[in-house]
Amino acid sequence: MRQPGTGTGTGTTPAIPRQVDRRAAATGESAGPAVADAADAASGSGEVRRSARSGAVGLVGAAVNGALGFLLTVVIVRGFGTDGSGALFTAIGVVSILGAICCAGADTALVWALPRRRTGVDGDAARLLPVALLPVLLLSGLVAAVGALTADRLAPVFFDGPEGSTLLRLAFLALPATVAMTVLLAAVRAVRPVTAVVGIQYVLVPLARPVLLLATVATGAGVAVGFGGWLLPVALAVVAATVLLLRPFGLLAGVRLRPDGTDWRTLWGFALPRAVSAAIDASSMWVGVLLTSALAGADESGVFGAVGRYALAGLLIMQGLRVAVAPQLSRLLGQGRTADAALVYRRVTVVIILLSWPAYLLLAVFAPAFLSLFGDGFTAGATPLAVLAGAMLVNSGVGIVQTMLLMSGNSARHLQATVVGLALTVGLGFLLIPDHGALGAAYAWTAGVVAENVLAAVAARVAIGEPLLTRSVGWAALGAGGGAAVVAVFSALVAGRGVAGLVLALVVLVVAAAGLLLDGRVRRTVRAAVTMLRPKPA
């Protein structure tokens, strides 16, 4: 196997900064150490700026997606109640888990492989499309056919109502389209500017879903029709992603699409270990929803589904940044530029902590206030929500470490971490959910999340060979977490954990932030960050 940075015939360029290369060519001499050091520093700084610009777009998309996701959850729980929302969340869970299984890791494999190849008519990137798509479409079609035929027998395991068979049949039949959307969006993510995938995945789909479900609720249609509304935007995303791939891959200009044996071995050698871990990643919350539905009933499942939505909302910040920088990390690591990749990781992780930790601490302390927006039937989820918020502090605290591990090509090590996490989630779920319902599911999921992230962080540090969680990350955690914790606890003691306490905490945090901006050094830092995050062409 070739070492990274030596060239593989797949569009990977040697790890030589352009500045050094041009000077050496002009003088006929090799660049000296001082020039190389300066070029390396400039290269690292440029990569941080590139990641920041992409990350800014990802953050905007994450904010929009988070708002629309929250709106969707409100529409579901308000429109269908605990029973109906539990059934709908269970159906969505079936699609999410089976869709990830049927993708078989091909989506992440494209994000890893395409940045290391050449696009365009004369490139070799387009050959990976049939390699990724054909097997997963065949698998999803087979699963859809078998599932649709056996839906009547399987439905009583997860659904109590008469619409269970219809919901399950719809979930199975939607699998091929869901898989196609996921794989095509991964290709868009790898070869198009981040705005393209953000526009589809973070705006188009999440905007269409609450609109269609609101129409369902307004007309008095049942849960099955609402689930159909949730599925319909998938078809729109498939069409949009296909159109966006035509030009970069030269699909209308006669590009060669016939893959060779190396293409199959390259992509599926990475994808197969990732197939299992991708299913676990996508099903992390939904395993809890399904177990709760089966072991404790639809009411508890509905509560846990709503609580889990809140917990996952904060991760949209990390997801937005992950979408933006994953292809960049793959390119850097493929060129052997591990120091630059580690620098990008650390800067992105600091941003994630600064934006996520205050939100999760407020979520933990003021869980009753947040859940009151869903109605009286969901306030019992306050303690489970506080438990999950703690898990998400760990998840966001290690940042995009799992993306770092995957983009280094270590899908097998990532699989080991996710298997341990799943085993804890499922094993503890069977022990705790029957007696404790949603709270037991929260404890089980928390154990799995913490174990998986700690193991992934250790594996990434070994694989990259560069420090990842450094002092700067620790100071960010201490500042953001400590400050928000003090404000949240003070506000809860003064005004309680309800809406009044939450409002007081938000006011204090805003005043504190405004006070910090009076310091000239803080203003200069913020101004530099805003300039860096402005999405200019790379």
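A residue counts as buried under 20% relative accessible area, as exposed over 50%, and as partly exposed in between. The model used here is a predicted one.

**Exercise 1.** Determine which class Val 203 belongs to, buried, partly exposed or exposed, and which helix holds this residue.

Solution. Begin with the location: Val 203 is found in helix H7.

**Exercise 2.** Identify the residues that make the nonpolar surface patch, and the helix that gives the most to it.

Solution. The patch, of about 370 Å², is made by Val 60, Val 64, Val 203, Leu 207 and Val 211. Two elements, helix H2 (33-103) and helix H7 (194-219), each give two or more residues to this patch. Of these, H7 gives the most, with 3 residues.

**Exercise 3.** List the members of the negative surface patch, and then classify Asp 299 by its accessibility.

Solution. The patch is formed by Asp 83, Asp 160, Asp 299 and Glu 300. Asp 299 lies in helix H11, which covers residues 298-313, and with a relative accessible area of 41% Asp 299 is partly exposed.

**Exercise 4.** Work out how the buried residues of helix H5 are arranged when they are seen down its axis.

Solution. In helix H5, residues 164-173, the buried positions are Gly 164, Ser 165, Leu 167, Leu 168, Ala 171 and Phe 172. Seen down the axis of H5, these buried residues fall within an arc of 165 degrees, and therefore they line one face of the helix.

Definitions and conventions: Residues numbered from 1 in each chain as written. Predicted model: local features only at pLDDT ≥ 70, side-chain atom pairs only at ≥ 80, totals over all residues. Heavy atoms only, no water. Buried < 20%, exposed > 50% of the residue type's maximum accessible area, 1.4 Å probe, protein only. Helix = DSSP H or I, 4+ residues; strand = E, 2+ residues; numbered from the N terminus. Arc of directions from axis to C-beta. Patch = residues over 30% accessible without salt bridge, like charges linked within 9 Å, V, L, I, M, F, W, Y side chains within 5 Å. Areas by Shrake-Rupley, 256 points an atom, 1.4 Å probe, with all protein chains shown as cover. Salt bridge = Lys/Arg side-chain N within 4 Å of Asp/Glu carboxyl O. Lys, Arg positive; Asp, Glu negative; His and termini not counted. Charge placed at Lys NZ, Arg CZ, Asp CG, Glu CD.
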